[in-house]
Amino acid sequence: QVQLVESGGGSVEAGGSLRLSCAASGFPYRSICFGWFRQAPGKEREGLAGIHSSGDITYYIASVKGRFTISQDNAKNTVYLQMNSLKPEDTAMYYCAAKPSSSDGSDCYSLNFYNKWGQGTQVTVSS
């Protein structure tokens with residue numbers, strides 16, 4: 001079955017960096033959007049970035065563009081989120097998610113309708 005397993009979270013000081021990883025397996029389809037989301041205590045879940053399984057399409061919300069980079073390594077079936085210049089307000093549980101995509105990957109420009117989720121990895125940024 002489909003599995004998404006996140007790793008790489010931890011505690012860092014403001015201004016630091018972390019790279020989150022998401023190991024993906026068991027997908028019955030080839031065209032996939034992968035996304036990174038986060039949820040802070042008392043707040044709604046927030047979509048951050050998406051990428052098509054081809055690697056040709058990426059999408060970011062405005063508040064993380066330039067600080068966060070989503071990428072993938074198909075040989076390792078892994079999706080990454082490189083997070084730089086971290087701020088205390090980036091503290092949250094971070095989740096990897098996936099959804100099937102049309103072959104052109106246009107679905108990946110939306111962070112809606114993701115239906116497969118990992119268990120999350122905690123990121124804590126101290127001031």
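Is R38 buried or exposed? R38 is buried, with a relative accessible area of 9% (buried means under 20% relative accessible area, exposed over 50%, and partly exposed in between, using a 1.4 Å probe and protein chains only).

Before going further, a word on what you're looking at. This is a predicted model, where local features need pLDDT of at least 70 and side-chain atom pairs count only at pLDDT 80 or more, while totals for chains, interfaces and linings use all residues. Residues are numbered from 1 along each chain as its sequence is written, and side-chain values use heavy atoms, with hydrogens and water left out.

Now, back to the charges. Searching the whole structure turns up three salt bridges (a side-chain nitrogen of Lys or Arg within 4 Å of a carboxyl oxygen of Asp or Glu). Start with E46, whose side chain meets that of R38 at 2.8 Å, N to O. E46 is partly exposed, at 28% relative accessibility.

R38 has another partner: its side chain also forms a salt bridge with D90, again 2.8 Å from N to O. R38 sits in strand 4 (residues 32-39) and D90 in the loop between strand 8 (78-83) and strand 9 (92-100), so this pair ties together parts that are 52 residues apart in sequence. Strands here are DSSP runs of E, at least two residues, numbered from the N terminus.

From D90, hop on to R67, where the side chains meet in a salt bridge of 2.8 Å, N to O. Both D90 and R67 are buried. Through shared partners, salt bridges join R38, E46, R67 and D90 into one network.

Notes
Helices (H or I, at least four residues) and strands (E, at least two) are DSSP runs, numbered from the N terminus.
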